[in-house]
Amino acid sequence: MNFDVLIAGVGGQGTVLASKIIGKAAADKGFFTRTGETIGMAQRGGSVVSHVRIDSEDLSPLIPIGRADVLIAFEPSEAARNLCRLKKGGKCLVNTRPMPPVTSSILEETYDEKKIIEYISQNSDSCFVDGSGAAEEAGSIKTLNVVMLAAASEMGLLPFGTEEIIKAMEGLLPEKAVEMNKKAFDAGIKLVCEVEL
Amino acid sequence: MSGQLLIGNQIMARGAIAAGVRVVSGYPGTPSTEVLETVAEINPGDIHVEWSVNEKVAMEVAAGASMCGARALVTMKQVGLNVAADPLMSLAYLGVKGGMVVLVADDPGPISSQTEQDTRRFAEHANLPVLDPATPGEAYEMMKAAFELSEKVALPVILRPTTRICHSTEAFSKEEPRREVLPDGFRKDPKWVIFPALSYRNHIALEGKQRAIAKMFSKSPFNAVLGEGEAGIAAGGMAYSYAREALASMGAPMRVLKLGAVYPFPEELAVSFLRSVKKVLVLEELDDVIEQKLLEAAGKHHLDVEIMGKRTDHAPVAGEYSFEAAKAAIEGAFMPGLSAEEAPACAPVPVRPPVLCAGCSHRASFYAVKKAMRGKNAVFTGDIGCYTLGNAAPLEMVDTCLCMGASVTIAQGMQCAGNDAKHIAFIGDSTFFHSGITGLVNAVYNKTNITIAVLNNATTAMTGHQPHPGTGETMMREVSQAVDIAGMAKACGAAYVRRLDPFDTEGAAAAVREAAEVDGPSVLVFDSACAARIKPKFFAVVGEGCTGCKRCIREIGCPAISGIGGRIGIEKSLCMGCSLCVETCPQQAIRLEVRK
């Protein structure tokens, strides 16, 4: 049964690694998996999005609009930007820390945090967590991606248990990075909130 | 376990190794770069892998290897093929011995390119076979088949993946023994020397090969007619994958002509497909290659069939295709009157375009030049690399960008036209080696007095940090003689050459002013490592004195700095402690702190 996860963030936040971890967990379970990412010029601090398509042998690498089962967003405005890909009744997990684009300060465009959060709440089954804060407490903001994955798996948003995600993570990370990321994973599990059904 | 998740480029590299490739050359270019890097990474030890100085050089290196009977792969992006067009066009006449595959990645969108040119069209122009994969898994099989075909017909074979093939991952589990193809060395023969009389004879042979390969392609495993019905879809490459998903979601069974081996066009297969349908919609990204060939076949064989596509406005003529685009095109062609699904409302969010990284030395270089030329009439010609992003506000230091190396030469053309301004060309280190040197020699020879600013961050940054001739390191991580940019500029005869630290804003600006006054071409080399490759020692913090004037943001546009609600904030996780913002603050309210 096909299951689609969309991961959205800002270039540098580690969306590609997050999609690799989910993809590996799925592949380890025996599902044919595809992912589609943004690599290259668009990465440089721009909006990035990773599509993970589980059980997708006959599908394309990009999740169609309105078909994603879950959206995991590392930044509120990136959640809002990609919300249209979420299916009706799809779940959305959002890191609350805003990263206003520098261009909005230059171009005098407003980054209205309240409006953005409101838009997400009104248009999806959403849950907001301070993933950045948890990552910093765990030792590094760079582990935000793992914090968010941990929270998503603990909340049952993914078709895997936390153990399966941890195993996939260990298989992908260099050994010296495993310990800090396990700490981040624990921090993510503690963040869990109830998604309104 | 259902295999390892690999990106298409990693999968194609494995295909080349399985096929027994011995020499791999290329020049980095999104989305092609990781093919060559992967061969280097998992090199069994006897494969020569190199980043060549540009695509033309890479093509010729591969051609030389092939002349010795080695299987050779050359990789580049679509615009790179323009640079390598000269050797490729002649190679079609000269032929190859060892299998030679030319991997050219196309970039529908475009996502990170200057053009939406279609390499399938280029293949036809060059009289060379081209394979167009619909999935990474198919690209693996095509890579192996391309080597076989190349040896069979003694021509280079083009493999043309698009961005979504190159950079999408797929579960991959093939483990095949490597085919042993040992090069037997170069045999002297007049056939390797391209003289007009030989070209004429080989041209006749080449036309004959087109017909033979077209027949082979009608039976190719990469081409097929699937499904049934009088309504037909013809699709190639990634567009086939989108069409397949769209048809499945619509529950609309149709007869599909899937074309992976596109040119020489498999006319026999296409005609049998056209005879079985009444209407055909062609779905293909970029050019209307298949559509044109089907129209030709229908006309030639007097077939009563309606062919719809880009030429009839049933499919988008530009941009990347998608599930949505394929579905809309199918509905438009076969289900008129069906109202399109309502597009969801846009989210209330500001745009987030790519920007120069926090701490990027290019920002400092642009800032120093901007300061030096303030109040003066100056044109800043730009080039291809991360620093093209210097065109955005607030720096606005890139007035032109055309193609690799053109910063140096466009500046000369402007001066020749009598444009009343100082012309300053910005070019990166890798781009300088790629095609900036010839422009510099031209500037000296033709007595211009442009200033060339080489932004030397000691890597090919945009494509993911590849080594180049100036880094003193090869792709296989061996030490090599580093080619010195300043020394080369002097050797070429530049009137003024100086190396600078871009973060010494005042010193750099003074040197820019001096260089701008020199009679003759001047070269400034801004040396500073790429911010993505250094570990920051400091970070900047905004202190009490900040009045919220936003001068820091307006001057340098660093992505670590933001101003919401009149307050300036510097994101610690992004800040590299480069100190550029400290200089801009009129209140001296920004200070650096040591990272622990």
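Chain A and chain B meet in an interface where 51 residues of chain A are in contact with 51 residues of chain B. The model is predicted. The points below cover this interface, then a sheet and a helix pair in chain B.

- Five elements of chain A each supply at least two residues of the side that touches chain B: helix H1 (15-28), strand E2 (33-36), helix H2 (76-82), helix H3 (102-106) and helix H4 (113-123).
- Sorted by class, this side of chain A holds 24 nonpolar, 16 polar and 11 charged residues.
- Strand pairing also links the chains: E2(A) is joined by three bridges to strand E8 (residues 168-172) of chain B, and the two strands run antiparallel.
- Within this pairing, A:Arg34 has B:Glu170 of E8(B) as its bridge partner.

**A five-stranded sheet in chain B**

- Strands of a sheet pair through backbone hydrogen bonds, in either the parallel or the antiparallel sense.
- In chain B, five strands form an open sheet with mixed pairing, and their order is E9-E11-E10-E13-E14.
- The edges are taken by strand E9 (223-226) and strand E14 (306-308) of chain B; each has a single partner strand, so one side of each is left without a neighbour in the sheet.
- On average, neighbouring strands of this sheet are turned by 15 degrees against each other, with direction ignored.
- Strand E10 (residues 231-236) of chain B pairs with strand E13 (residues 279-283) of chain B in the parallel sense, over five bridges.
- Opposite B:Ala235 stands B:Leu283, a residue of E13(B).
- Helix H13 (residues 323-334) of chain B packs on the sheet and touches E10, E13 and E14 of chain B. The direction of H13 makes about 160 degrees with that of E13(B).

**A helix pair in chain B**

- Helix H16 (residues 429-445) and helix H17 (residues 485-492) of chain B pack with their axes 10 Å apart, at an angle of about 20 degrees.
- Angles under 35 degrees count as roughly parallel, so H16(B) is roughly parallel to H17(B).
- H16(B) and H17(B) cross in the right-handed sense.
- From H16(B), the contact is made by B:Asp429, B:Phe432, B:Ile437, B:Leu440, B:Val441 and B:Val444. From H17(B), B:Ile485, B:Met488, B:Ala489 and B:Cys492 take part.
- By class, the residues of the contact between H16(B) and H17(B) are nine nonpolar, no polar and one charged.

Notes:
Residues are numbered from 1 along each chain as its sequence is written. Chains are lettered from A and ligands numbered from 1 in the order in which they are written. This is a predicted model: local features need pLDDT of at least 70, side-chain atom pairs count only at pLDDT 80 or more; totals for chains, interfaces and linings use all residues. Two residues are in contact if their C-beta atoms, placed from the backbone, lie within 7 Å. Helices (H or I, at least four residues) and strands (E, at least two) are DSSP runs, numbered from the N terminus. Ala, Val, Leu, Ile, Met, Phe, Trp, Tyr, Cys and Pro count as nonpolar, Asp, Glu, Lys and Arg as charged, and the others, Gly among them, as polar. Two strands pair if DSSP finds at least two bridges between them. Axes are lines fitted to C-alpha atoms, for helices over the stretch in contact, and angles run from 0 to 180 degrees between N-to-C directions. Angles under 35 degrees count as roughly parallel, over 145 as roughly antiparallel, 65 to 115 as roughly perpendicular and the rest as oblique. A crossing is left-handed if the near helix is turned anticlockwise from the far one by less than a right angle, and right-handed if clockwise.
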